[in-house]
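Take a look at the model below.

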Amino acid sequence: MIEIRDVSHSYQKKKVLDSVSLIVEKNELCALVGRNGAGKSTLIHLMLDLLPLKTGTIQLNGIPVQKPGWKKTVSYLPEKFQLYPNLTGEENLRFFASLEDGTVDEDKLEEKLKLVRLWEDRKEQVSGYSKGMLQRLGLGIMLYFDTELLILDEPTSGLDPIGRIEILSILKSLENKTILLSSHHIDEINQICSHVAYLKDGKMEKYTVEEFETKILNEGVLA
Ligand SMILES: Nc1ncnc2c1ncn2[C@@H]1O[C@H](COP(=O)(O)OP(=O)(O)OP(=O)(O)O)[C@@H](O)[C@H]1O
């Protein structure tokens with residue numbers, strides 16, 4: 001569960017988030033939507049303690065961000081995940097998996113590579129991977145940690161239609177996950193999300209996908 005209450009953020013004198021509140025319930029898939037520059041990345045960075053939270057509170061699964069333990073509750077997939085191009089897909093996953101305590105769970109490694117449909121390509125250097133494969137590997141690394149809470153920054157950005165469908169179908173297949181993903185595509189929001197958190201002029205409103213389509217979409221907020 002994500003609980004954001006009265007969060008504000010300014011860059012110099014420019015107020016980007018103005019007393020933003022949002023609850024994402026357990027097992028909910030919620031899209032984070034707003035025009036370019038609306039403050040989506042800023043909010044995500046505050047949620048991950050990548051920016052200092054000065055006003056308001058953010059709790060992830062009941063743990064306030066900045067307090068010990070919150071990092072273990074959440075995994076984040078940035079828009080561009082930095083992989084090692086000269087390592088294979090499997091070696092990349094192995095590297096990130098081992099960062100926690102130096103060990104790798106071999107069964108889990110296989111399970112996640114199969115889940116993101118890279119088992120057959122695991123021995124190939126990632127410099128030879130397509131954009132879609134790179135993004136699926138990033139997703140596999142994220143899922144290796146088995147956190148209940150997932151935050152994804154434009155997970156299908158720059159992918160061709162097939163690459164997007166592959167990412168969406170993996171996300172759709174996940175069980176017992178609470179997911180917040182930023183997106184500019186109503187078709188993908190429609191396919192996998194139940195709710196939309198809409199940022200506009202520094203304010204946040206939450207809608208069901210149906211409400212969002214009827215009330216907001218004619219404002220032309222999405223690509
Ligand atoms: N480090 C910074 N210093 C000053 N202004 C910033 C900084 N980071 C972001 N901004 C500004 O804050 C506003 C919100 O940016 P942010 O990246 O959070 O928006 P976004 O909704 O993620 O945009 P996009 O959809 O284009 O990724 C923008 O006007 C941006 O120019």
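At what angle do H3 and helix H4 (residues 131-144) pack, and how far apart are their axes? The angle is about 140°, and the axes lie 9 Å apart. Axes here are lines fitted to C-alpha atoms, for helices over the stretch in contact, and angles run from 0 to 180 degrees between N-to-C directions. That angle makes H3 oblique to H4. Angles under 35 degrees count as roughly parallel, over 145 as roughly antiparallel, 65 to 115 as roughly perpendicular and the rest as oblique.

A word on the basis of all this. The model is predicted, so local features need pLDDT of at least 70, side-chain atom pairs count only at pLDDT 80 or more, and totals for chains, interfaces and linings use all residues. Residues are numbered from 1 along each chain as its sequence is written. Helices (H or I, at least four residues) and strands (E, at least two) are DSSP runs, numbered from the N terminus.

How confident is the predictor? The chain averages a pLDDT of 93, and 98% of the residues score at least 70. pLDDT is the predictor's confidence in each residue, from 0 to 100. For the complex, the predictor gives an ipTM of 0.97 and a pTM of 0.92.

Back to H3 and H4. Their crossing is right-handed. A crossing is left-handed if the near helix is turned anticlockwise from the far one by less than a right angle, and right-handed if clockwise. H3 brings Lys108, Lys112, Leu113 and Leu115 to the contact, and H4 brings Gly140, Leu143 and Tyr144. Two residues are in contact if their C-beta atoms, placed from the backbone, lie within 7 Å. By class, this contact has 4 nonpolar, 1 polar and 2 charged residues. Ala, Val, Leu, Ile, Met, Phe, Trp, Tyr, Cys and Pro count as nonpolar, Asp, Glu, Lys and Arg as charged, and the others, Gly among them, as polar.

Now turn to H2. Helix H2 (residues 89-98) packs on helix H3 (residues 106-115) at about 130°, with axes 11 Å apart. That makes H2 oblique to H3. Glu90, Leu93, Arg94 and Ala97 of H2 meet Leu109, Lys112 and Leu113 of H3. This contact holds 4 nonpolar, no polar and 3 charged residues.

H2 also crosses H4, at roughly 30°, and their axes come within 10 Å. That makes H2 roughly parallel to H4. Gly89, Asn92, Leu93, Phe96 and Ala97 in H2 meet Leu137, Gly140, Ile141 and Tyr144 in H4. Here the classes are 6 nonpolar, 3 polar and no charged residues.

Last, the ligand. Among the residues around the ligand are Tyr11, Val16, Gly34, Lys40, Ser41 and Thr42. A residue counts as near if its C-beta atom, placed from the backbone, lies within 6 Å. Helix H1 (residues 40-47) gives the largest share of this shell, 3 residues. By class, the shell has 3 nonpolar, 6 polar and 1 charged residues.
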